[in-house]
Amino acid sequence: MAEHTQLIDAINIRTAVRAYDNEPIDDDTARQLEMTLQPINLLADLDIQLVRDQPKVFAEANASGHLTNAANYLAIVGPKDDDEAKERAGFYAERVVLAATLRGLGTLWVAGSWDRAEAAKHCRVTGAQELYLAVVVGHPKDHLAYQSKSYDELCEIQRAHRPSKSYEQFTALMSDEAREAAPAWFKAGVEAAMKAPSAMNRQPVTFTYNAADDTAAAHIDPAAGDEHWALNDLGIAKLHFQIGAGQGQWAWGDGGLFIHK
Ligand SMILES: Cc1cc2nc3c(=O)[nH]c(=O)nc-3n(C[C@H](O)[C@H](O)[C@H](O)COP(=O)(O)O)c2cc1C
């Protein structure tokens with residue numbers, strides 16, 4: 001795994017991890033994660049915090065068997081009642097997820113499988129902020145065996161581990177002709193977004209390519225039924241798209257444009 005260091009590699013091998021080894025995240029690994037987190041918080045205007053060794057936050061999900069040994073998490077904290085910040089949270093916290101993936105760690109976004117009140121006790125949330133969501137982080141179960149898997153094996157696990165909407169569904173607002181004529185960077189962006197996590201795997205984001213000005217746009221699909229977490233999932237999908245497409249930048253918001261560079 002070690003020679004695979006690019007963010008696109010992380011996208012190609014990441015899956016939601018629900019079972020972890022009962023082994024702490026050591027200080028050195030925590031420091032490395034913090035070094036990723038701090039500049040991201042500055043860029044994102046968020047306050048994402050790494051909290052270690054608080055299994056009580058996941059007591060119910062661990063006891064039911066839905067999760068195993070979940071104990072550490074990223075607390076995704078940002079400004080209250082701010083839709084754009086919720087989208088940024090998806091975008092930038094997923095960037096931390098990909099960094100953790102490259103370090104051989106497992107991750108799981110959680111909206112339901114945690115005790116939010118308990119989680120809030122172990123992080124800073126000011127009166128102007130709220131705790132949006134968390135991402136469980138830890139050593140995947142049997143992590144030594146996991147780390148000895150080849151990159152190709154991990155890609156195959158990612159490819160086969162869950163159903164995905166098709167490329168055509170992800171570009172449902174485009175005609176067959178427009179889809180055919182779209183540039184390779186757009187296709188690579190959509191393919192990376194197809195591998196993104198989303199609440200209950202609803203995959204609520206579609207993409208279009210506009211040949212007239214060579215831009216892409218991302219849209220929330222209201223039919224996907226992801227009204228609670230659509231903005232977060234929009235941010236996650238945009239990050240994956242951007243990494244898949246190579247150079248370029250998004251404007252925030254539903255319908256926001258991507259300019260490829
Ligand atoms: C915002 C959000 C909330 C999620 N909440 C939960 C959760 O509470 N419990 C859970 O087991 N998985 C949760 N997931 C994980 C999704 O079920 C998972 O990402 C999706 O099924 C796609 O699978 P993948 O991540 O392996 O690609 C959540 C994902 C996102 C993005």
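Modeller: Helix 10 meets helix 11 through Trp185, Phe186, Ala188, Gly189, Val190, Glu191, Ala192 and Ala193. On the side of helix 11, the residues in this contact are Ala237, His240, Phe241, Ile243, Gly244 and Ala245. Sorted by class, the contact of helix 10 with helix 11 holds 10 nonpolar, 3 polar and 1 charged residues. This is a predicted model, and what follows should be read as such.

Two packed helices are described by the distance between their axes and the angle between those axes. For helix 10 (residues 184-194) and helix 11, the axes come within 7 Å and cross at roughly 140°. Helix 10 is therefore oblique to helix 11, since a pair counts as roughly antiparallel when the angle is over 145 degrees. The crossing of helix 10 with helix 11 is right-handed.

Helix 11 (residues 230-245) also packs against helix 4 (residues 83-102), where the axes come within 7 Å and cross at roughly 45°. Helix 4 and helix 11 are therefore oblique to each other, and helix 4 passes helix 11 in a right-handed crossing. From helix 11, this contact takes Leu231, Asn232, Asp233, Leu234, Gly235, Ile236, Lys238 and Leu239. From helix 4 it takes Asp83, Lys86, Glu87, Arg88, Ala89, Gly90, Phe91, Glu94 and Arg95. The class count for the contact of helix 4 with helix 11 is 6 nonpolar, 3 polar and 8 charged residues.

The domain assignment places domain 1 at 7-147 and domain 2 at 162-260. Their centres, taken over C-alpha atoms, are separated by 24 Å. Each domain puts residues into the contact between them: 18 residues from domain 1 and 18 residues from domain 2. On the side of domain 1 that touches domain 2, helix 1 (7-13) and helix 4 are the elements that give two or more residues. Helix 4 supplies the largest share of that side, 10 residues. The residues of the side of domain 1 that touches domain 2 comprise 9 nonpolar, 2 polar and 7 charged.

Helix 4 has a further contact, with helix 2 (residues 27-44): the axes come within 10 Å and cross at roughly 160°. Helix 2 and helix 4 are therefore roughly antiparallel to each other, and their crossing is right-handed. Here Leu33, Thr36, Leu37, Ile40, Leu43 and Ala44 of helix 2 meet Arg88, Tyr92, Arg95, Val96, Ala99 and Ala100 of helix 4. By class, the contact of helix 2 with helix 4 has 9 nonpolar, 1 polar and 2 charged residues. Arg88 and Arg95 of helix 4 take part in the contact with helix 2 and also in the contact with helix 11.

Key
Residues are numbered from 1 along each chain as its sequence is written. This is a predicted model: local features need pLDDT of at least 70, side-chain atom pairs count only at pLDDT 80 or more; totals for chains, interfaces and linings use all residues. Axes are lines fitted to C-alpha atoms, for helices over the stretch in contact, and angles run from 0 to 180 degrees between N-to-C directions. Helices (H or I, at least four residues) and strands (E, at least two) are DSSP runs, numbered from the N terminus. Angles under 35 degrees count as roughly parallel, over 145 as roughly antiparallel, 65 to 115 as roughly perpendicular and the rest as oblique. A crossing is left-handed if the near helix is turned anticlockwise from the far one by less than a right angle, and right-handed if clockwise. Two residues are in contact if their C-beta atoms, placed from the backbone, lie within 7 Å. Ala, Val, Leu, Ile, Met, Phe, Trp, Tyr, Cys and Pro count as nonpolar, Asp, Glu, Lys and Arg as charged, and the others, Gly among them, as polar. Domain bounds come from an automatic or database domain assignment.
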